[in-house]
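Hi,

Here is the structure I promised to pass on. My notes on what turned up in it are below the model.

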Amino acid sequence: MNKLFKQGIKIANILEDNGYEAYIVGGSVRDLLLNRQINDIDITTNATPEEIEKVYKDFKQIDIGKKFGTIKILDNNDEFEITTFRSEKGYSDGRHPDEVSFTKSIYDDLKRRDLTINSIAFRNGEIYDPFNGKKDIKNKVIKAVGNPEERIKEDALRILRAVRFSIQLDFKIDNELKEAIKRNKNRLDLVSKERINEELNKMLIANPFKTIKTLKELDILNNIFTNIEIKNINKLKNIDKDIHEILAIMFLTNNKDKVENTLRDLKYSNNDIEVISQIVENYRENYSRYELRKMIFNIGIDNSKKTMEVFKIINGKENDNFEEILNNNFPKSRKEIAISGDDIKKLGFKEGKEIGSILKVIEEEILKGNVENDKEKIKNFILERIFYENF
Ligand code: ATP
Ligand code: MG
């Protein structure tokens, strides 16, 4: 059995030894049954938060939400979240429970969980599975615990969690849940953009093609991506797990402003926004050698490689010249230009603006191959050019 899960059993047994019930629940039990990598272990118990603290007094503890019954303990640097059995009610904002109360029953705790596959509990070597999650794992189906319509109305995030798990696990979404999602799709407005971002990223990285296909089928693609054209969906079949390349391919036909606004609205980081919009802006069906050099110079090696990866995915073949240009000695950034503003000043130019525009011309001429990136040669080039014409 999985090492982390075994360690979880050891941790749960400490509660058992003190006379409490302790179940491992949620994602780790699901992933154990699916033979998938287990990331974190959640334990649920009838012990109160104070009792949990007492039982684990020899462990390092982090209070991450004692009010809601959760205490995190550390064992060999592994974290275990231990939560008192909870039930939840009243979801007036369509996203969070108004009231969380502690309960004495594992059944109630499992009942508040979203999907049958996430509502399986494990105790003393046995599975407790009142909502038939194991059967749904076997049949590869995503099903809500209880009435899907009600469960979505309580918390609209469950729409995206259902989609995300169906994509990560390659499971079908049960028909009744599917219909409830379609009927309640506008409730996605109640979910914060941060949480949409989180779920969206997980699904896109797991399988971008299937993500778009599923979101379309459920008619929620436009609820997530408002006001931007999504193209090249078939090309997403061939892509690696790079979120920048995935989003750039999807947005390739839109202008820079639209791409940036959409990504900003979806709470992507400034770095993500910059990388993705640079790929979109620099993508072309053909590149001259000069255009390749200029791209590398302007957006750097890493982003250029991503742009070329997108080129390859769209066109089904590599760009012939990129590797060679990457390996030749044209300057790859402003830093690598062999002459500085100071050097130009020493030639007798004074104004900052003038020096700046000379540097720009020089960069361009070097990238075009009209002058070598060598200080003396550049100096001569500048002086010659002044002789004939002005900058
Ligand atoms: P992973 O961590 O791999 O994304 P997970 O199932 O562990 O999957 P978490 O978000 O860590 O997901 O949640 C832990 C458990 O809490 C879930 O397995 C589920 O039982 C429950 N849960 C999480 N979010 C919700 C929700 N919005 N509504 C109901 N139950 C939820
Ligand atoms: Mg988890």
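Let's start with Arg158, which is found in helix α7. Helices here are DSSP runs of H or I with at least four residues, strands are runs of E with at least two, and both are numbered from the N terminus. Arg158 counts as buried because its relative accessibility is 9%; buried means under 20% relative accessible area, exposed over 50%, and partly exposed in between, with a 1.4 Å probe and protein chains only. A polar atom of the Arg158 side chain lies 2.9 Å from the backbone oxygen of Arg151. That is a polar contact in the sense of a pair of N or O atoms within 3.5 Å, where within protein one must be able to donate a hydrogen and the other to accept it, and residues adjacent in sequence count only if both atoms are side-chain atoms. Neighbours within four places in sequence aside, Arg158 is in contact (heavy atoms within 4.5 Å) with Glu88, Tyr91, Arg112, Asp114 and Arg151.

Before you go further, the ground rules. This is a predicted model, so to speak of local features we need pLDDT of at least 70, side-chain atom pairs count only at pLDDT 80 or more, and totals for chains, interfaces and linings use all residues. Residues are numbered from 1 along each chain as its sequence is written, chains are lettered from A and ligands numbered from 1 in the order in which they are written, and side-chain values use heavy atoms, with hydrogens and water left out.

On to the ligand.

Which residues come nearest to ligand 1? Of the 14 residues around ligand 1, they are Arg30, Asn118, Asp155, Arg158 and Arg164; a residue makes that list if one of its heavy atoms lies within 4 Å of the molecule. A polar side-chain atom of Arg30 lies 2.8 Å from an oxygen atom of ligand 1. For Arg113, a polar side-chain atom is 3.0 Å from an oxygen atom of the ligand, and for Arg161 the distance from a polar side-chain atom to a ligand oxygen is 3.0 Å. The protein covers 77% of the 580 Å² of accessible area that ligand 1 has on its own. Those areas come from the Shrake-Rupley method with a 1.4 Å probe, and for residues only the protein chains shown count as cover.

Now the charges.

Side chains of opposite charge can pair when their charged atoms come close. The structure holds 42 salt bridges, a salt bridge being a side-chain nitrogen of Lys or Arg within 4 Å of a carboxyl oxygen of Asp or Glu. In one of them, the side chains of Arg164 and Glu199 meet at 2.7 Å, N to O. This pair links distant parts of the chain, with Arg164 in helix α7 (residues 157-169) and Glu199 in helix α9 (residues 193-206), 35 residues apart. Arg164 and Glu199 are both buried.

Another salt bridge joins Glu281 and Lys256, with the closest N and O atoms 3.9 Å apart. Here Glu281 sits in helix α14 (residues 270-282) and Lys256 in helix α13 (residues 256-265), 25 residues apart. Glu281 is partly exposed, with a relative accessible area of 45%, and Lys256 is partly exposed at 35%.

Asp343 and Lys375 form a salt bridge too, the closest N and O atoms being 3.4 Å apart. Asp343 lies in helix α17 (residues 341-346) and Lys375 in helix α19, so the pair ties together parts that are 32 residues apart in sequence. Asp343 counts as buried at 10% relative accessibility, whereas Lys375, at 36%, counts as partly exposed. There is also a network: Arg86, Glu88, Asp109, Arg112 and Arg113 are joined by salt bridges that share partners.

What about a charge without a partner? Asp174, in the loop between β11 (172-173) and α8 (175-183), is buried yet has no salt bridge. The nearest side chain of opposite charge, Lys143, is 4.7 Å away; Lys and Arg count as positive and Asp and Glu as negative, while His and the chain ends are not counted. Not counting residues up to four places away in sequence, Asp174 touches Val141, Ile142 and Lys143.

Cheers
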